Amino acid sequence: DPDAPKWTWVHFIAFDIDNRWQNSLSLFSDNIDNFNWFKRWKNSSNELTWHWPCPPKWHWVHRYFFKVYALNIDKVDLSEWVYKDELLGFIKDNIIWYWQIVAKYERK
């Protein structure tokens with residue numbers, strides 16, 4: 001959420017997603033069984049959970065960027081507590097495909 005009041009807010013980062021994982025909505029659930037299919041990195045709240053979009057009521061429409069990277073490496077060997085910039089620095093030379101969608105949301 002680059003439109004967050006103070007800085008770009010990271011809601012969730014998932015990586016090493018197993019190709020047997022099938023239900024995209026389960027990625028955002030806190031059901032512990034889902035965590036067998038992927039690893040998570042910390043969000044801007046220093047937690048490993050998904051934070052739903054929730055811009056302040058007094059704020060404008062926010063943009064939410066959902067990004068998927070395909071890499072030419074099998075595993076990302078980093079701690080789950082690294083920052084987003086460290087992750088992107090680690091994978092930048094290993095990206096073979098990239099997909100992004102932007103969604104907008106305003107809380108009234």
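The lining of the second largest pocket divides into 4 nonpolar, 4 polar and 3 charged residues. This pocket has a volume of about 200 Å³, while the largest pocket comes to about 1,200 Å³. Please keep in mind that the model is predicted.

**Second largest pocket**
- Its lining includes T8, V10 and I13.
- K42, N43, S44 and N46 are also among the lining residues, as are V82, Y83, K84 and D85.

**A look at N43**
- You will find N43 in the loop between β2 (39-41) and β3.
- Is N43 buried or exposed? N43 has a relative accessible area of 4%, so with the cut-off for buried at under 20% it counts as buried.
- A polar atom of the N43 side chain lies 2.7 Å from the backbone nitrogen of S45.
- Beyond its neighbours within four places in sequence, N43 is in contact with V10, H11, F12, T49 and H51.

**Largest pocket**
- With a volume of about 1,200 Å³, the largest pocket is lined by 37 residues, and those closest to its centre are I13, A14, K67, V68 and Y69.
- Which element gives the most to this lining? That is β3, with 8 residues.
- At least two lining residues come from each of β1 (13-15), β3 (62-71), α1 (84-91) and β4 (95-105).
- By class, 28 residues of the lining are nonpolar, 2 are polar and 7 are charged.

Technical notes:
Residues numbered from 1 in each chain as written. Predicted model: local features only at pLDDT ≥ 70, side-chain atom pairs only at ≥ 80, totals over all residues. Heavy atoms only, no water. 1 Å grid on protein atoms, 1.4 Å probe; cavity = no way out; pocket = protein on both sides within 12 Å on 5 of 7 lines; lining within 4 Å. Points joined across faces, edges and corners; volume = space filled by probe spheres on them. Helix = DSSP H or I, 4+ residues; strand = E, 2+ residues; numbered from the N terminus. Nonpolar A, V, L, I, M, F, W, Y, C, P; charged D, E, K, R; others polar. Buried < 20%, exposed > 50% of the residue type's maximum accessible area, 1.4 Å probe, protein only. Polar contact = N/O pair within 3.5 Å; in protein donor to acceptor, adjacent residues only side chain to side chain. Contact = heavy atoms within 4.5 Å.
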